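I opened this notebook to record what I looked up in one chain. The entries run from the whole chain to single residues.

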Amino acid sequence: MKAYGRSLSDFEPLFKLEQKLLEGCRKGTVAQGELRCPEEASQENTVRAGFLRFLLLGGDNRVVVHEHGVQLRGAYIQGVLELRSTTVDCLFSAVFCNFEKAPVFRNADLKRSLTLNGSHMKGFLGAGMAVTGDVELRKIKASGTVFLDRAVISGQVHCSGASLEEAVGYSLSAIGANIGGGVFLVDGFKAQGQVRLLNANIEGQFNCRAGQFLCEGQSINAGGIKVGGGTFLTEGFKSLGEVIFIAATIKRQMTLQGAHLESKNEITLRADGVVIEGSLLLNKNFTSLGTVSLRGGEIHGQLNCGGAVFSGTQKNALSADYLNVKGSANLDSGFSSESRVSFVSALIEGDFSLFKAARIPRLSASQMQVKGSLIIRELAEPLGSISLASARVAALNDDARSWGENLVINGFVYGFLDVHNTMSVKGRVSWLEKQRARLPGSTNKKPSKLPVFLPQPWKQLKHVLDAMGRAEDAREIGIEYERHRYTCGQVGLTPDTWSPVRRWVSSVIAKALHCCYGKLIGYGYRPMQLVPWFLGVWLITTIIYWGAANHGAVFAPSDPLVFQNPAYAACRPPADKSLQAAPGTGNWYLCDALPQEYTGFSPIAFSLDLLLPLVDLHQEKDWAPLIETPKSNVADELMGFWSAKRLVRFTMWFEILAGWVFSLLFVVIVSGLARGKEQQV
């Protein structure tokens, strides 16, 4: 005795379409019911699920199944097609069929392909099944979940144009599935519920081109998936929920060109920890109304977001913290976001390009490393704010217009500036003056009234310009840095433990010396600037000395032997100022009686002798100004304080001090102390 359903006699008499199916199995032809998928059972279109199972399992000695397998079209399959834990050696094709109950293929072993194109069903229970071939689910309509959990399919899974109407739970579940070919959810594929591909292994491509995923929670959950080919969510792909690729591995590129992601949750695409051995393409009209998260991912090719639009107002538009990109990352050619783009601690081995980006209100890229160029040029709208704190790039290619007003670049290190698109020194200074200690809104700390002082960006720029051979530009930056120090109140700082008076005096002196240092030799970067000052002092004092000697008879020999010789009495100025001396007398400078052997007074040499304390021209030693005897009456003394003789004496004191200052600065310049090597940044 056999179990029921093991012989043909158990199903006799056969329905009309069952007879066609039996005949088709013998000849290898298709048993045709209706031309379309039937909505109700009739005498003309009904096939019992038990009879279909009987044929799929090989029938009995009265039934011969052709190598073309069991092929059925336009049938209403009555009952449950129960193939759990069975082995089906033949091909099974049920096209445009209506399954009254969800077919059960749990743990079944199908030696050939399974084709259910255009069929209607209450779901599909295929968890754990094995298929040596393809699974064709094109244009199916399923009101229940399609389960392919842990399925092993050597070929492809085609769901193009399918409509999965299960909206409460999962529309498609393929957790842990192993698929040797690709998975195609394309060309009008629609899922009302979640598509779940957790930890699946797809050796071909995962293609969702023009698919629609309408679940408002998680539309695609492919965490841990392994895709041997590319992943395509492109050209009309639409998701109303979160798309998840956490810790996924994709052997080739992942493409979302033209996709539209929209989610009530904060994140539309979550691909944290994803490994893509090709490129990730989020370009060509790609749009997202929420965050695209790529945190901790690894992309062996390029990240291309050219022309993408991130319209969501969440905290982050694109979150790529700790992302490793072996190629370049391109947020260019019209890329636009409504909120922050984050690449904190990301590693990009190619270029990071914002060339001709449309709008980026905030870019967070602190501690980012770029082994190629950071390109910030020709943005349609300047960056709202950007943080490059402690970031490192090989080269910086930028223009002044593209930077916004809020920059955090403390610790930002770059190897060189692009030589073909050079920003002027004035533009660089303006760029450095835009920097902030932190971006607005990042802290509640009360801002200082003084501009922020962060020396590293200034020294970094100067170091790079020096290394590039642009010594003049480097000197300009050095001068502007010293001016910036003064503006920021960094000159004349004193310990808090000092008394207020001591601190004030020390600060005033330090600021005065700093100003003099800048005016005289440009803080050590303009040593030749000292020459005009030197010549100016020399010229002005020479004129003063000449006038005093020629018209005021102020200067006289300093050798006492000259005064003791009565032969030179005529050279002495008259004691009574009202008396007019004879020509050639009354003035030591112009006196004819003074012998030529005595060193003649030269205003030019006298001034130079005072300015050069280490040089002796015998002027300062042989000549000195006459000084009036002080008066005991204070009023008379004050009235004569600004006499020509006293003015000459004050001028000499000033020139002696100036000479020492010039000499010390000259020594400093020669010794190279003014331009000591800065520490490497």
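**Entry 1: basis.** I worked from a predicted model, in which local features need pLDDT of at least 70, side-chain atom pairs count only at pLDDT 80 or more, and totals for chains, interfaces and linings use all residues. Residues are numbered from 1 along each chain as its sequence is written, and side-chain values use heavy atoms, with hydrogens and water left out.

**Entry 2: overall form.** I counted twelve helices and 57 strands in the chain; these are DSSP runs numbered from the N terminus, H or I of at least four residues for helices and E of at least two for strands. The radius of gyration is 47 Å, well over the 26 Å from the globule rule for 681 residues, so the chain is more spread out than a compact globule. I took this radius over C-alpha atoms, and the rule is 2.2 Å times the number of residues to the power 0.38. Along the principal axes, the C-alpha atoms fill a box of roughly 165 × 40 × 40 Å.

Entry 3: Contact means heavy atoms within 4.5 Å. Among contacts between residues at least 6 apart in sequence, 50% join residues at least 24 apart.

**Entry 4: aromatic rings.** I paired rings of Phe, Tyr and Trp (its six-membered ring) if their centres lie within 6.5 Å, with planes under 30 degrees apart stacked, over 60 edge-to-face and the rest tilted. The count comes to 25 aromatic pairs. One of them, Phe 105 with Phe 124, is stacked at 5.1 Å centre to centre, with 25° between the planes. Phe 105 lies in the loop between β7 (98–99) and β8 (109–110) and Phe 124 in strand β11 (residues 124–125), so this pair ties together parts 19 residues apart in sequence. Both Phe 105 and Phe 124 are buried. I also noted Phe 343 and Phe 352, a tilted pair at 4.9 Å centre to centre and 55° between the planes; both of these residues are buried. Tyr 545, Phe 555, Phe 601, Phe 606 and Trp 623 form one aromatic cluster.

Entry 5: I located Asp 398 in strand β53 (residues 392–398), where Asp 398 is buried with a relative accessible area of 1%. Its C-alpha atom is separated by 4.6 Å from that of Ile 376, 22 residues apart along the chain. Leaving aside neighbours within four places in sequence, the contacts of Asp 398 include Trp 403, Asn 421 and Arg 428. Arg 428 is also one of the buried residues of helix α3 (residues 425–433). The buried residues of α3 pack against β53, β54 (406–408), β55 (413–417), α4 (455–467) and α5 (471–487).

**Entry 6: two buried loop positions.** I found Ser 160 in the loop between β17 (157–158) and β18 (163–164), buried at a relative accessible area of 11%. Not counting residues up to four places away in sequence, Ser 160 touches Arg 138, Lys 139, Phe 184, Val 186 and Asp 187. Gly 193 is in the loop between β22 (190–191) and β23 (194–196) and is buried, with a relative accessible area of 0%. With residues up to four places away again not counted, Gly 193 touches residues including Leu 164, Glu 166 and Cys 215.

Definitions and conventions
Buried means under 20% relative accessible area, exposed over 50%, partly exposed in between (1.4 Å probe, protein chains only).
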